Structures are given as C-alpha cells and as structure tokens.
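Me: I would like a close look at a single part of the structure shown below. Please answer in one connected account.

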Amino acid sequence: MATAALPQERKNYLNAEHGLRSWLLTTDHKRIAVLYMISITVFFFVGALYALLIRLELLTPAGDLMQADSYNRVFTAHGVVMVFFFLIPVVPAVLGNFLVPIMVGAKDLAFPRINLLSWYLYMIGGLLVIHVVLTGGIDTGWTFYPPFSTQFSNSRVIEAGLAAFIAGFSSIFTGLNFIVTIHRMRAPGLTWTRLPLFIWAQYATSVIMILGTPVVAITLVLVILERALHLGIFDPKLGGDPLLFQHLFWFYSHPAVYIMILPSMGVISELISAFSRKRIFGYKFVALSSIAIAVIGFLVWAHHMFVAGMSVYAALIFSFLTFFVGVPSAIKVFNWTATMYKGSITFETPMLYAFGFLGLFTIGGLTGLFLATLGVDVHVTDTYFVVAHFHYVMVGGVVMGYLGGIHFWWPKITGRMYPEFWGKVAALVGFIGFNLTFFPQFILGYLGMPRRYYQYPPEFQVLNILSTAGATILGVGYLMPLVYLLWSLRYGEVASDNPWNAAGLEWKTTSPPPTFNFDETPVVDFEVYNYEDLKEIPVER
Amino acid sequence: MGSIPIWPQQASNFAPGTDALYLFLVVVSLVMTVLIYTAIIVLASKYRRKPGVHPVQIEGSHVLEITWSVLPMFFFFAFFAWGAWIYFKERTPPQHANEIYVVAKQWMWKIQHPEGVREINELHVPLGANVKLIMTSQDVIHSFFIPAFRIKQDVLPGRYTIMWFRATEPGTYHLFCAEYCGTLHSGMIGSIIVQHPAEYQTWLNGGSSNAPLAQTGEKLFAELGCVSCHRADATGRGPILNGVFGKQVALEDGRTVLADENYIRESILDPGAKVVVGYKPVMPTFQGLITEEQLSALVAYVKTLSPSRPGQPAVAPGTSAPRGKNE
Amino acid sequence: MSNHDNSEHHVISVGFYSLIGITLLIFTGITYFAATVNLGQANIVVALAIATFKATLVVLFFMHVKYTSEKMTRATIVGALFFLMLLLALSMADFATRSWT
Amino acid sequence: MSDSPAATATHGLELRHHFATEGQQRDSATLGMWLFLVTEIMFFGGMFCAYLLYRTRHFNEFAAGSRSLDTWLGGVNTAVLLVSSWTMAMAVRSAQLGKRKLLCLFLVLTMIFGATFLGVKAVEYHAKFVEHHVPGPYFDFKQEVKAGETPLPINLHTMQMFFSVYFAMTGMHALHMVIGLGLMTYLLIKSARGAYSPKYYTPVEMAGLYWHFVDIVWIYLFPLLYLIDVHK
C-alpha cells in the first residue's frame, strides 16, 4: 500500500477548504453527501432509541414502563423519524448525492445550490420534528389518519405535519436534481445502456419522488388546514370521506417504500457485480425492472385499505395489480443470484451485506404476497405481520443495502479503509439480530396481535421477549459500524484509488475525489461493468 | 408463559379457508426461500475466487428472464383468485342473519342486539348462526378484529360498514380494535362469547328489559314525527317506506340506488342528497339531533317494514321467535 | 452527450402573442355562456373541454412548448398528466363503486 | 469550460462551473423547471381529486355554493390573470430581444395585474367572511332564491364542504400568486441592473413558466368553482 503521506498532498474535496463555513455553505455534492451522512446517522440513532423503548415496553404484557399516551408518542416518533428522516433520504441523499455526478462523469449535480437547499430543508424539518418530540410529541402514528389527527388528537399534529411537508420538499428537490443530472450531464460516450444500475435505480426513485411527494404534501396541508382553520375536507360530519385521506396518503406512501428500497437495490447491483467480478446478469432487465417498479408502484396503493371500508371492486383491482409489482422485484433477485454463476466471488464486508440483503429481501418480498392476497390480508393487516413484513423490507433491505454501500464506498468517501474483520462481524451480528427481532413478529401477527398496542394478552409474551432480545443484538450490530467507521477515519489503512479493483467511473478518480470529481472530463468508450478489461489481482499503487 | 403458540384458534366459518390459503402461501414462500438460499450458498461456494480461474462474462438470457417473470405469475394469479374468493364470501352477508348493531367510540364497543339486549365490549353470539354486524363509529376510525374468526373490518364515522361470520366453536375469543384510535387503543379490547343456542337463549332472556331494537325504532319514528309524512299509504308527503329496504330506488335526478343500511342512514341525516323520484326535498335533516344508537334503532325499524326481505333474526332453530310485524 | 445545444431562441411576434391572449379572453367569455345553457351532465364536459383548450394554448405558445425541439419537455407533461389521471381514476374506482350485495 | 470562449469572456458569471456549455445549462434549467411544474400538477391534483369526489357526492351543495360566489368578480379575475400571462410572455420576449426597459415595463405590468387579482380575491374572501360562509363554528348559509325558483335541498353541514374545497383550492392558488409576485420583484431588481441579455435570460423564462402554470390552474378553477350550476 501507498504511504500515508500521499493523499495528504493531493488536493481533494475534503481538504480543498477548511472551517465550518466551508461546509455549511458548500455546494459540492460530495460535501453535501457528508453533511447528510452525519445528520441522517443522528436521526437513525434517535429513531433507534425510540425502537428500543418500544421493545422494552413490550417485554411484558402489562403497560408498565410507560403510560399509554407516552407509548403512542414513542411509536409515532419512531415512525416519523425513521420514515421521513431516515429511510426516504438515506440512500439517495448520502450515496446518491455522492455518487450520481461521479458515476455519470459530471463535475456536480445540475443544481448545486438547490442541492444545498435540500439539506437545509431536511434539517429544518428534522429539527422541527425533534422539537415536537421534545415538547409534547405527537400521537397519531406516522400515518396521520383523520379524523383522529384532525379532530381528536391532543398532540402537535400541525408542527409534525409541517415537518414532514418540509422534508418532502427536500426529497422533491433531490429527485429533481438527479433526473436533470442523469439526463443532461452524462459524460461523452456514456449512453443509457452504459449507466451503472445504481444510476438506473436512482433515476426510478427520483421519478417517484417527483410524482408522489407533492400529493402527500397537499394531503398534509389539508390535514393542517382542517385542524387549524376548520376546512373539513376529510370531516365525515361535513360529508367528507376519511378514506379520501387514505387514498391520497397511500398514493405517495406506498410508492415511498420504493423510494426507500430501489436505491438500495441499486447498491446491491453494484456490490454483487464488483465482488463476483462480473457484468450483472440480464443488465437490461435489472435496469428496466427499476423503472417498472416505479411505474407499477403507483397502481397498487389501496392494498393498504382492504379492510378500510373500500369498495369490493376497487379492492379486487388493487389486489390484482399489486401482484404485478412482485414480478420486477423477483426479476432482480433472480438476476443477482444468476450473476454469481461462473463468477470469481470474494467475501468482503460489502458482499456479506449484499447476501444479507438478498436473504432478508426475499423473505420481505414473499410476505408481501400474503398482504396482496385479499383473504389473508383481512386477517393480518394492522397486525404484527405487517410490522414484520415492512421491517424485513425496510430494515432488512434498505439498511443492509445502505451499510453495504457505505462500506464499499467508504474508501472513496473518506480515503480510508474500514477494518475488515470488524466489518464482517458486524454484518453477521446484524443479520442474526435482525431475524431474531422480526421473525417472531410474523407469528405474532398471524396469532392476531394488533399493531400499536402497548399492552397485550399474556399468551403473546414469549414471542415478544424473543423479539426484544433480538433487538438488543441488532442494536449492537448497528453500533459496531458506527464505532469502527469513526475509528477508521483516523486509524484506518489509507485507501488506494480503486481498492476493490472495481469497474465504474467512481473508481477511476482519486480517493477521495477532487472537488470537481475528475481532473479531466472522462470519455466513456467502454461498456458498464467491464470486468473483462480489469486485471484479476488488485494492482498495488 | 409456556410453549410458544404458533397458530390461532379456528372458530368461524372463515378460519379454515383463510388458514388453508395461508398455509399454501407459506409453503410456496418456503420453497422459494429455500431455492434462493440454496442457489446463493451453492454458487457462492462453487465460484469463490480461486487462483487461475477467471470469471466468465455472461450477458444474460432472454429465455431465463421470461421464464422467471412468467412462472411466478401463475402462482400470483392463484393467490389472487383464491384470496378474492374468500374476500367475496366475507363481504357478502347471507340473507338470513342475526343483525347486530355495533357503535364504536373511544375506547369501547357498544353492542345492540335486535332483541333489545345491550352489551359493552362483549358480544354474545349463538353457535352456528349467521351473524351480521352493522357497525359505525361515533368519533374516529376503529377496526373490529376477531383473530379466531380471521376477520376484520374498519369501523368508520359517518357510515355503516358491514361484516358477518358464523361461529363454529363455542368459547371466548379476543376482540381487538385493530385501527389505531388514540390513547387507550390497546385497551379497546373485548370478548366474543360463542354459546350453544340454548345457552345463548338463556343469556338473552336474562339480559336487560329493553324493548327490541325495532320497537325502540318504531317509538322514535313516532316521536320524531317521521310518521306524519312517511305513511303506509300514498297520502304522506314522504315516500312510503314499506317494502323499500333491499330494493332499487329511483331518484329525482335519474339515478337509482340500492336501499341498504347506508342509504337509510343517509336519508335520515342528509335527506336532500338522494331524493326519491316524485317527492319534494322537504324533509329536515336529523344530523346532530339523534345519537348513533337511535339511528340504529330507526334503521332496524325501517328494515322491519320490508317483511319479504329477511332482515329479522334467523338464528338457529328454537332460539328466537321471528319478530317484526307482531305489533 | 453534453452538447445539447438544441434550445434555439425562438422569438414569437407581438401580434401572435396578442392573438393568443385575445383568443384566451374570448374563450373565457364562451366558458361563461356555455355554463348558462342547460346541457345537463354535459355542462361540466364542455367547461373542462374549453379549459383544456385554453390551457393547451398557454402551454404551446406562452410556455413555448410548440417551438422547443426538446422531447423531454413534452414527455414530462404527458407523464405528469398520465399519473394525475391515474390518481383520479383509481381513487374514483373506489368512491364510485361502493355499493355491494 | 473552454468550450465556449465567447461565453466565458462576456458572461462568465452566468455559466456555472459544472456545466460544459450554455446550452447544457439552459436545457438543464428548462428540464428542472418542467419537473418542478410536474410536482405542482400533482400538488393541485390532490385537491382536484377531493373536488371531484365531493362535487359528485354533494352536487346540490356545490351548486348552491357556486351560485353564492360572485361570478362577475371571478370572470374579471380570470381576464386579469390571462392578461398578466400575456404581459409575462411579452416580458420573456423582451428579454430574448435584450430590450431591458421593455422587460422592466412588462414585469411591472405583470405585477400590477397579479396584485389586482389578489386584491379582487381579497374582496371576495372578505365578502365570504361577512356572510359567514367560512367553515367553522360560525358558519351559516342562506340560499338566494329568485322568484319562481325552488331552493336546492341542501344540508348545512355538507354546505361547509364546498367552502372548504373553495378556500383550500383558491387559497393555495393565491399563495402561488404571492410567491410569483416575489419572483417578479426579484427579476425586476435584477433586470433593472441589467443582469439579463439575449444570451442569458433563463431566470426570466423560468419565472414565466411558473407564472403561466399558475394561470392554467385558475383557468380550471374558474369554471369548476364559479360556474357549477349557473344555468338554472
């Protein structure tokens, strides 16, 4: 490996400028990505703290740790923070921000100042939510269903709604920036079929952000207007239909789960390709399946409402359409698996996370079929079965993908390697802890334990204890990377420009990259994932 | 504490079917999971990096892509069709059923039997009889969930939602509110008590001395002055209500609607919304003037005016005499 | 890929802009008079048709879409309308078919 | 950046560092603006969805509510807004041709018309407040019935739904107008200082797109809110 002195002399985005001001006023997409990484990590651990409180309360059937009202505020805080301030932005805003311009060979995103604005909006929304949580909290659940949220809740719905609204605009601007960048700023020679699958995934995600987020934004505005000014759009007493809220809300919030999972799927494509040293099997199908998920994702929202009092005909339509979204997801899993065939596979930490993703997403996806099936959904909806299902997709899928990506691109982002041994241990601990936490919840759900209960009949206790025990292990699995990644910033091995000997434009620039990403605008005269052109053994620099 | 439970009790006509479909899904998912996990483990160990062995670049395979896109679809269609079939049955109450009115409020379930007995957070039902619940909420959205019956239906303010079941096992089962409804959401629980018909009858007789629901409705119908316009002959200013329930009604604006529970409800609360053809919109609204319980009674009464339609309790033989036009 | 120099500056004449403006005003009048005629259910259809015609004029000429060689702009508009229709149609699929049994 | 030496020489500040050419920059801005308008379409789309549902469900109340609105003021406002769209289009044209004074003039005119619209809107809102047509505890509504007409069968509770929809939709629209006026002010200051030229007038063009979009929303709102049932 190179001597530690070398990157110090090289100008890169981290040492180009110094001081807090140079960070808070930066328009460099890489610095903004780092800002996001820090703030999102904080929000993740805030959300995780609430998860811990939930699991502690559920250790016993009685409501002994908290009052009912406190518990309701705790799970709402967990949901709001995790959904709006962690899951939705995490991969696009951190990895996407850092990598999209580099992967398309651009100097920056199309609108760098809007990108910075996105981060500020995210922070304003986030701080507002923290403020709400610290000064009374909100008890509606992250779904804000009226008429509870509009007329009955005595908590701070308006501020929380406003916070989600502001965070929504952060997300809209990120999506807008990505689409324009991918369309307009690709390097010469970089055709659509030469784009990494991560870019395809980010593109599909951005489409959803653009189309879906404004709908939930106006829905939250209407809730706020009803609460503050008596404009009773959802008020049954005025002839309003509370189900209208649910339709508008899920029109965004179902596709929003694809906002969360698609970017992670993009990460997994990169990881599996890099550590199998192979072009992704069925590149075009994987790329188009991202777009298909984005489009079909908008046709299925009302499967959240099969018992909500919806029309039977509409339930039929939505159940039928929901199955179609399973197809592109299945295509991805099969193609990733097939990529390993005749590969040359190694098992570094990012690859372990990719395996974890495959394992957990498979279960998460398959249990989604249960919820699409009308007869079964009636029984399991609003129970812990649903909770388990979406945690398998959201936590098992999104977080595994994010952590895999963070480890993979850590040398590029920071110029340092993470400690491989601890990385592998953490990946393993996380996987085991995760399954122990959430698998029992499938059984709990089928037994009939409803969501959002802080006390429950005693026969559910054993499974709840298992779940809480698992959550402890899972917590360790998440704390470990925090510790050793911070450690590596100072003591980690200095990374070469391409430590994985991986394909992709991001590995052709220095680690960390210079402010404008490339010293010379790259000309792309090679196919994507061109592992046949790369030498087998990493070249020492 | 004890052994880990993995299967809920089966106590309704819907439970076996739902469980069978669930098992089918579990088996298919298990097979898929095992296949994918095996493939990953086998491929990962077989093609782990070895000196001198180079990866083979493969573009993909259209045959494989189409196979693994289309093959799952057959399973998906099977899940869909089977699930839809169960859902249809759940959403189609039988003609003959014990009709029980449920009013939910933060945080209790108020139940009115047609015989006049009222319960809170408890629902007694006879074994083997069809029971239809006509449910509404006074405040926020709740959800009536009986895990042992495998059924659940949200209960909404401002309208009725319907669910039905036939209990198949005597016993006491959990009733949960499954839609988050505020502070004591997890306290909004109760019991479904399934009794043998004879026992049930004894329980009914030992219940309160309230008049049957439809009778209460009839009294209200007179007290509120409904009867002065809605007469049994064509002399009234309002439409004749006899024989209306369950029929298609032609409206002033050319539409027709089915006269179901929600239509009667709406006609009382918002009479101008769907005016029957040939009548003037002169009826005042009763929104805010009567309670949900009174509304239930009125609806129950109007239903008894359509005797050809079996809206009366038709519980298992020997449990209850047919009521209705016995006044 | 980066040389998208296809946004030529197309300058529309004052006369043509004014023509469009006057057409829009005239059709506002037509909207009103169409509404005063009893067409039953067709009133709303006529009103929306006129509004859509006016909106199309604004998009094509005031917003220069007619003169742009940029395919993405048109794709974007069509895409947005498609998803808007999806929102309206699929939610109405519920509201319009509530009665059952 | 050396692709367009002329640009760097005369308008170096306008070409931001990360774009290769001015064309790329302009195209990016245009695409970005249209994507933003997509979000605006979906934003208003949520309210149109509510409108569609409640109009079909509570047609009588919507008809009665619509008649209580001042069609004359609504029509005038439509005209005012259309004229402001024309002045905005002319402002963009002036920018294209590099006529700075005309640009400023048309921006001022657009602002005047925009402000007129908001003024008329305020008059209408005021009337609604006075008549207790604002949803809430003080809501009241009496139908105006001309001789020989039968009043519509309306429900006073449901009546508030029309006004809820009316205030939500027109309020959001008015908010967009206010933001538009802010943009115009910014453009006016910049163009008075000569910031725009035939080579670089993207901000004017983008603000124009926004302004026209807000106009289009009103083109739909006018018949949908004011002209529901005027023929009876």
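How many residues does the largest nonpolar core have, and which of them have the most contacts inside it?

Reply: The model is a predicted one, and the account below should be read accordingly. The largest nonpolar core comprises 385 residues. Those with the most contacts inside this core are V81(A), V102(B), L133(B), V165(D) and A168(D). Among the contributing elements, helix α4 of chain A, residues 68-103, gives the most to this core, namely 23 residues. As a general matter, nonpolar side chains in soluble globular proteins tend to be buried together.

The contact between chains A and B takes 78 residues from chain A and 71 residues from chain B. On the side of chain B that touches chain A, two or more residues come from each of the helices α1 (15-46) and α2 (62-91) and the strands β6 (142-146), β7 (151-155) and β9 (171-177) of chain B. The most is given by α2(B), with 15 residues. By residue class, this side of chain B divides into 42 nonpolar, 18 polar and 11 charged residues.

Confidence in chain B should be considered alongside this contact. Its mean pLDDT is 88, and 93% of the residues of chain B reach 70 or more. Over residues 310-327 of chain B, however, the pLDDT is below 50, although this stretch has 40 contacts in the model beyond near neighbours in sequence. Where pLDDT is low, the predicted coordinates should not be read in detail. The domain assignment of chain B gives domain 1 as 8-43 + 93-210 + 313-327 and domain 2 as 225-289. The C-alpha centres of these two domains of chain B lie 31 Å apart.

D70(D) is found in the loop between α3 (59-68) and α4 (71-97) of chain D. Because 15 other C-beta atoms lie within 10 Å, D70(D) is partly exposed. D70(D) and L183(D) are 113 residues apart in sequence, and their C-alpha atoms are 29 Å apart in space.

Note on methods: Residues are numbered from 1 along each chain as its sequence is written. Chains are lettered from A and ligands numbered from 1 in the order in which they are written. This is a predicted model: local features need pLDDT of at least 70, side-chain atom pairs count only at pLDDT 80 or more; totals for chains, interfaces and linings use all residues. A nonpolar core is a set of buried Ala, Val, Leu, Ile, Met, Phe, Trp, Tyr and Cys residues joined through C-beta atoms within 7 Å. A residue is buried if 20 or more other C-beta atoms lie within 10 Å of its own, exposed if 12 or fewer, and partly exposed in between; C-beta atoms are placed from the backbone. Helices (H or I, at least four residues) and strands (E, at least two) are DSSP runs, numbered from the N terminus. pLDDT is the predictor's confidence in each residue, from 0 to 100. Two residues are in contact if their C-beta atoms, placed from the backbone, lie within 7 Å. Domain bounds come from an automatic or database domain assignment. Ala, Val, Leu, Ile, Met, Phe, Trp, Tyr, Cys and Pro count as nonpolar, Asp, Glu, Lys and Arg as charged, and the others, Gly among them, as polar.
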